[in-house]
Amino acid sequence: MDEHTLLVVSSDLSHYHPYEEANRLDSQTRAQIESQDPSIRPEQACGAHAINGLLYWAKAHQGRVHCVAACNSGDGPASKDQVVGYASFTVEL
């Protein structure tokens with residue numbers, strides 16, 4: 001890999017929790033990701049295995065993980081009863 005390489009991992013975070021609970025759960029997951037803790041579970045993010053692989057890679061290459069943005073489906077006009085969490089991260093070497 002060189003400076004022209006872009007690696008993309010895509011995943012939702014929590015699924016179908018009430019708005020406040022989803023915010024709490026997703027905040028914990030984001031903290032794990034930013035601290036490069038590769039023990040994300042599928043109930044935290046459907047792409048947990050891909051995220052954990054990226055975190056192992058980032059740590060091995062001394063990368064820095066940063067959350068760029070975070071929200072959930074309840075932040076828009078949708079119901080706040082059962083939301084899906086989202087976040088975007090960068091890994092800088």
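Biologist: Where in the chain is confidence lowest, and where is it highest?

Modeller: Confidence is lowest in strand E3 (residues 83–92), with a mean of 94, and highest in helix H1 (residues 19–34), at 98. The score in question is pLDDT, the predictor's confidence in each residue, from 0 to 100. This is a predicted model, in which local features need pLDDT of at least 70 and side-chain atom pairs count only at pLDDT 80 or more, while totals for chains, interfaces and linings use all residues. Residues are numbered from 1 along each chain as its sequence is written, and side-chain values use heavy atoms, with hydrogens and water left out.

Biologist: What pLDDT does the chain average?

Modeller: The average is 94, and 99% of the residues score at least 70.

Biologist: How many helices and strands does the chain have?

Modeller: There are two helices and three strands, and from the N terminus on they run β-α-α-β-β. The radius of gyration, taken over C-alpha atoms, is 14 Å, close to the 12 Å that the globule rule gives for 93 residues, so the chain is as compact as a globular protein of that length. That rule is 2.2 Å times the number of residues to the power 0.38. Helices (H or I, at least four residues) and strands (E, at least two) are DSSP runs, numbered from the N terminus.

Biologist: What does the C-alpha trace span along its principal axes?

Modeller: The spans are about 45 × 25 × 15 Å.

Biologist: How much of the chain counts as buried?

Modeller: Of the 93 residues, 29% count as buried. Buried means under 20% relative accessible area, exposed over 50%, and partly exposed in between (1.4 Å probe, protein chains only).

Biologist: Which residues does serine 14 contact?

Modeller: Leaving aside neighbours within four places in sequence, serine 14 is in contact with Ala22, Asp26, Glu43, Gln44, Val83, Val84 and Gly85. Contact means heavy atoms within 4.5 Å. Serine 14 lies in the segment before E1 and is buried, with a relative accessible area of 2%.

Biologist: Turning to glycine 74, where is it found?

Modeller: Glycine 74 is in the loop between strand E2 (64–72) and E3. This glycine is buried, at a relative accessible area of 0%. Not counting residues up to four places away in sequence, glycine 74 touches Tyr19, Ser79, Lys80 and Val83. The C-alpha atoms of glycine 74 and asparagine 23 are separated by 9.8 Å, although the two are 51 residues apart along the chain.

Biologist: And asparagine 52, is it buried or exposed?

Modeller: Asparagine 52 counts as buried, at 10% relative accessibility. Its place is in helix H2, and beyond residues up to four places away in sequence it touches Asp37, Pro38, Ser39 and Ile40.

Biologist: What about the phi of glutamine 36?

Modeller: Phi of glutamine 36 is near 60 degrees, again a positive value in a residue other than glycine. Glutamine 36 sits in the loop between H1 and helix H2 (48–60), and at 10% relative accessibility it counts as buried.
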